[in-house]
Every structure is written in C-alpha cells, then in structure tokens.
2 protein chains.
Amino acid sequence: MLYSVRMRSAQGGAHEAGGRHISGAERLVPEQHIERIAGEMVARALSHSRGSADFINITIDKVRTDELCTVPLLTVKTVDVPHAEAGRKAAMAALVQTGVSEQAVQAGMEALLALPDSMRGAMLLCAETGKRLDGTGQSGVRVSRMDIADDQDYRQCLENLGLTNVHVREALVLASKVAAAPGVVAELCWSDDPEYTAGYIASANGYCRFTQLKSYGSPVGGRVFFIRPGIDLEALIAYLRRQPVIVTVK
Amino acid sequence: MLYSVRMRSAQGGAHEAGGRHISGAERLVPEQHIERIAGEMVARALSHSRGSADFINITIDKVRTDELCTVPLLTVKTVDVPHAEAGRKAAMAALVQTGVSEQAVQAGMEALLALPDSMRGAMLLCAETGKRLDGTGQSGVRVSRMDIADDQDYRQCLENLGLTNVHVREALVLASKVAAAPGVVAELCWSDDPEYTAGYIASANGYCRFTQLKSYGSPVGGRVFFIRPGIDLEALIAYLRRQPVIVTVK
C-alpha cells in the first residue's frame with residue numbers, strides 16, 4: 001500500500017492568502033516511511049535557497065493499488081551551452097522538433113520569461129497557437145502523486161549519467177509522468193532555485209537538459225506544458241493532479 | 001519564534017471530500033521541534049483508536065511574537081460518577097451553575113447525543129436559548145493555535161493530579177483557551193476515543209472532569225461552547241481559530 005506525501009511551502013502566509021511560493025515536493029511511499037519523508041520535507045522547506053518558508057502544508061493520502069499506473073523513465077541527454085541565451089535558443093529549436101509550432105514555442109518562452117515570480121504549478125499552452133488553456137492564473141496546474149519505482153536503482157542510473165542534483169532527480173520523475181499524459185506534446189522548464197541555471201525540454205522522445213536556461217541568481221522558474229489541440233483538457237488536468245504514477249527505470 | 005503545527009486526519013478521503021474525521025492535534029513549537037512533532041502527529045493519525053487515517057493534513061505556520069497571548073491553565077477537579085447517565089446529570093447541573101440556562105444545557109446535551117459521528121470542531125450554542133449560532137454544520141469550529149508554555153511543568157502538574165492521559169493533556173489546554181475567550185460562558189465535551197469515557201465541563205471557574213459521560217465503546221464525541229447572547233460572534237470564531245495562545249501553568 002502506498003501513500004502520496006506532498007508538500008508545498010510559502011513565505012508571507014499560505015499560498016491561498018497571497019504568500020510567495022517557496023518549494024514543493026512529491027513522493028509515493030509505503031506507510032513505514034511516511035514519518036521520515038514528511039520530516040525531510042519540513043526540513044527542506046525551512047532551509048530552501050529561495051528563502052525560509054513560514055507556511056508549510058503537508059498532505060498525505062492513501063493511494064488505491066488499482067489506481068496506480070506505471071510509466072517509463074525518460075531517457076536523458078545533456079546539451080552544454082555557453083550561456084542562457086544560447087540555451088534558450090537551442091531549447092526552442094528542440095521544442096519545434098517535438099511538434100510544437102514556432103508560434104507556441106515563442107509564446108511559451110515569453111510566458112516563462114515574463115513571470116513576476118515562480119508559480120506552484122505549470123502553465124498549459126496550446127501547442128499550435130501558444131494560447132494559455134488552463135484557467136488557473138498564477139497558481140498553475142500542479143503535477144502530483146508520482147515517484148520513482150526503485151530509489152536505489154534510480155540514484156545509480158542518475159550517477160552513471162553524472163547527475164546527482166536533487167532538482168534533476170525530481171524533475172525527471174515529474175517530466176516522465178507529464179510526457180506520458182494524453183495530449184501533452186512537450187514540456188519546457190527551468191528551476192526557481194537561484195543557484196541552479198539548468199533547464200530542460202521533455203517529450204515522449206526523451207528529456208533534454210540544457211546546462212543554462214536562465215541567469216545565475218534568478219529565483220524565478222516555471223513549467224510550460226504544450227498541449228495538442230482538441231484534447232479533453234479536464235481529463236488531462238485530472239491526470240496531472242490526481243493520477244498516481246510510478247516511474248520505472250528500464 | 002514559534003510555529004503552529006496542526007494536524008487533521010480522516011478516513012475515506014479528506015474531510016472536505018466527505019471523509020470521516022479520525023483525529024486532530026495542535027501544537028505551538030520552536031523551529032527545531034517541528035520535524036519531530038509533525039512526525040509524531042503522522043504516527044498518531046495512522047494508529048488511532050477510532051481507526052487508521054487514510055488522509056492526513058499537516059499545516060505549519062509561523063506565529064508572530066506580537067500576536068501571542070497567554071492565558072492561565074484552568075484548575076482541575078474530578079468528579080467520580082458510577083455511570084454515564086449520572087455523569088451527564090451532574091455535568092448538566094454544573095453547567096447551570098456556570099450561568100448557562102437550563103434550556104440551553106438541555107439543548108447542548110441533546111446536540112452532542114444526537115451526533116451521527118464526531119465533528120472536527122465545536123458547536124457554538126446560545127447560552128440562553130440553546131440555539132446553534134455558528135453556521136459550520138457538521139464541521140464545527142476548530143480551536144487552533146494553542147499549547148502549554150512549559151511541557152515539563154505541565155506533565156508534573158498533571159501527574160500530581162493523577163492525570164496522565166493524553167486526552168486530558170490536550171483537552172485542558174484547549175479548554176483553557178476557550179474559557180478565556182470573550183463571550184464563552186462554558187464548554188461541554190466528551191472524547192470520541194471509544195476507549196475513553198470521561199468528559200468535562202469548563203468555564204472561567206475551572207475544568208471539572210466527570211469520570212463517565214458516555215458509554216464505553218462509542219466512537220462519537222464532541223464539544224459544545226455556550227455563548228453569551230449579543231457578543232461579536234465573528235470575532236469570537238476568529239479568536240478560537242486563529243489567535244495563538246500560550247497556556248501558563250501557575
């Protein structure tokens with residue numbers, strides 16, 4: 001039996017009271033690990049590079065075994081770029097390769113660059129027109145209820161790739177769930193950690209990291225999901241938010 | 001600097017999704033204890049005598065020092081009664097002594113006895129007419145953000161009184177906050193723990209325990225606050241829910 005353990009933290013009050021989003025975390029764990037994982041999430045929220053949270057919410061709920069589905073971990077590739085501008089240019093070209101229109105890629109990049117501060121969740125944009133599709137404003141759609149099948153295997157796999165950063169560990173699991181979603185063409189993301197400049201684009205074809213997508217020191221990051229036109233948006237959002245997904249290392 | 005750490009747990013989904021309330025907990029603790037306290041709350045929710053929770057929510061937020069107020073711990077008296085019926089009769093007489101009308105006492109007792117299951121919070125009844133005043137239905141008004149000033153002192157004080165049960169420890173802190181509220185005449189409460197039959201009435205004059213207020217095995221408990229007519233109900237509910245209160249042992 002697994003439990004979804006998820007955390008969100010903010011500064012200046014709760015998110016819903018206008019607080020600034022600091023950090024979030026998602027795990028699916030057996031009962032005997034809940035206490036430890038919840039404790040680790042608290043510790044992390046209190047000492048985040050974006051600032052110390054003064055509001056932390058942890059929600060734990062049981063996941064029905066028959067609800068669980070598994071998706072494969074995306075393959076990872078890293079592209080070295082000399083600076084953020086070059087990284088963004090390369091990421092935009094790669095997004096077009098996944099089937100997102102140039103217009104939508106441009107709109108997605110502009111939407112991320114225009115963010116006044118980080119969002120808790122993702123913006124959903126039409127992969128053809130670039131128009132924002134979700135009606136969630138500055139909150140965004142949070143992807144929840146996912147974890148890796150085997151933590152040890154996963155660490156080993158990431159180490160073999162030379163990737164030990166916690167951001168990659170979490171983002172790759174999230175991106176694997178998202179890329180498997182019905183109707184998602186691709187994702188564009190960079191971190192809100194001021195010390196972490198790398199970002200990625202992901203699609204069913206893989207996870208492609210760019211060593212620099214934003215400037216060092218910027219506390220603003222975010223996610224854009226490019227969505228195939230005409231799909232059932234409500235079902236997609238339900239999948240992203242509520243479908244428990246275990247990501248398997250091949 | 002103190003943090004409010006509060007937990008609510010339910011079975012069959014979240015409270016707001018119709019889940020059955022299992023347990024709650026409230027603490028005000030310094031930062032270095034948050035992790036441990038949150039962990040303890042999780043463990044408790046998963047092994048409660050009312051059943052194992054499948055939904056747990058923990059909220060942590062910083063309390064501004066200038067918001068804190070202190071109230072004295074109520075004095076405690078225990079009345080031995082041979083059975084629940086005798087206990088309820090004695091409690092009703094004691095409530096009338098605190099200034100609640102006979103009609104309101106009757107209404108309060110009936111409201112608690114008629115509960116189909118435990119509520120997360122308390123029912124607020126007019127101390128004259130017995131009419132329900134809060135509009136919170138089956139949720140009730142939850143009393144939040146309070147703790148004892150010195151845990152060691154408190155344990156010693158309770159031990160001296162022969163009281164070591166966790167229910168008394170928590171209820172006495174809550175009752176001390178409630179009794180100090182503007183406009184609260186008295187409280188009537190018994191636990192939803194099926195194994196714990198004792199209950200109490202409390203007012204500014206003290207906390208009076210009755211060894212039996214409900215039958216052994218009943219998982220239904222609750223709280224009624226009797227409110228002086230004409231007071232500012234909104235301000236009272238805000239105090240109960242949000243005012244951080246430290247209860248001092250004299």
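Okay, let's start with a definition: a residue is called buried under 20% relative accessible area, exposed over 50%, and partly exposed in between, using a 1.4 Å probe and protein chains only. Take A:Arg36 as a test case: its relative accessibility is 45%, so it counts as partly exposed.

Before going on, a word on what we're looking at. This is a predicted model, where local features need pLDDT of at least 70, side-chain atom pairs count only at pLDDT 80 or more, and totals for chains, interfaces and linings use all residues. Residues are numbered from 1 along each chain as its sequence is written, chains are lettered from A and ligands numbered from 1 in the order in which they are written, and side-chain values use heavy atoms, with hydrogens and water left out.

Let's stay with A:Arg36. What does A:Arg36 form a salt bridge with? The partner is A:Glu40, and the closest N and O atoms are 3.1 Å apart. By salt bridge I mean a side-chain nitrogen of Lys or Arg within 4 Å of a carboxyl oxygen of Asp or Glu. A:Arg36 and A:Glu40 both sit in helix H1 (residues 34–46) of chain A, and because they are four residues apart there, about one helical turn separates them. Helices here are DSSP runs of H or I with at least four residues, strands are runs of E with at least two, and both are numbered from the N terminus. A:Glu40 is at 42% relative accessibility, so that one is partly exposed as well.

On to some other salt bridges. A:Arg64 pairs with A:Asp66, again with 3.1 Å between the closest N and O atoms, and A:Asp66 counts as exposed because its relative accessibility is 61%. Over in chain B, B:Arg142 bridges to B:Glu26 with the closest N and O atoms 3.0 Å apart. That pair ties together distant parts of the chain: B:Arg142 is in the loop between E6 and E7, B:Glu26 is in strand E2 (residues 20–30), and they're 116 residues apart. Buried or exposed? Both B:Arg142 and B:Glu26 are buried. Over all chains, the search of the whole structure turns up 32 salt bridges.

Now the sheet in chain B. It's an open sheet of six strands with mixed pairing, in the order E5-E10-E9-E8-E11-E6. Two strands count as paired if DSSP finds at least two bridges between them. Strand E5 (76–79) and E6 are at the edges with a single partner strand each, so each has one side without a neighbour in the sheet. From one strand to the next, the twist averages 20°; the axes are lines fitted to C-alpha atoms, for helices over the stretch in contact, with angles running from 0 to 180 degrees between N-to-C directions.

Zooming in, strands E9 (residues 199–203) and E10 (residues 206–210) of chain B pair in the antiparallel sense over five bridges. Within that pair, B:Ala202 stands opposite B:Tyr207. Helix H2 (residues 84–98) of chain B packs on the sheet, touching strand E8 (184–190), E9, E10 and strand E11 (222–227), and its direction makes about 170° with that of E8. Contact, by the way, means heavy atoms within 4.5 Å.

In general, most residues other than glycine have a negative phi. A:Arg145 isn't a glycine, yet its phi is positive, about 65°. You'll find A:Arg145 in the loop between strand E6 (123–126) and strand E7 (146–148) of chain A, and at 5% relative accessibility it counts as buried. In chain B, B:Arg145 has a positive phi too, near 65°.

Finally, how do the two chains go together? A rotation of 180° with 0.0 Å of shift along its axis superposes chain B on chain A, with an RMSD of 0.0 Å; the superposition is by least squares on C-alpha atoms of residues with pLDDT of at least 70 in both copies. The two copies are thus related as by a two-fold rotation axis. In chain B, the C-alpha nearest the axis belongs to B:Ile58, 2.5 Å from it.

The contact takes 19 residues from chain B and 19 residues from chain A. Together the chains bury about 1600 Å², 61% of it on carbon and sulfur atoms, where buried area is the accessible area (1.4 Å probe) lost on putting two parts together, summed over both. And how many salt bridges cross the interface of chain B and chain A? The rule finds zero.
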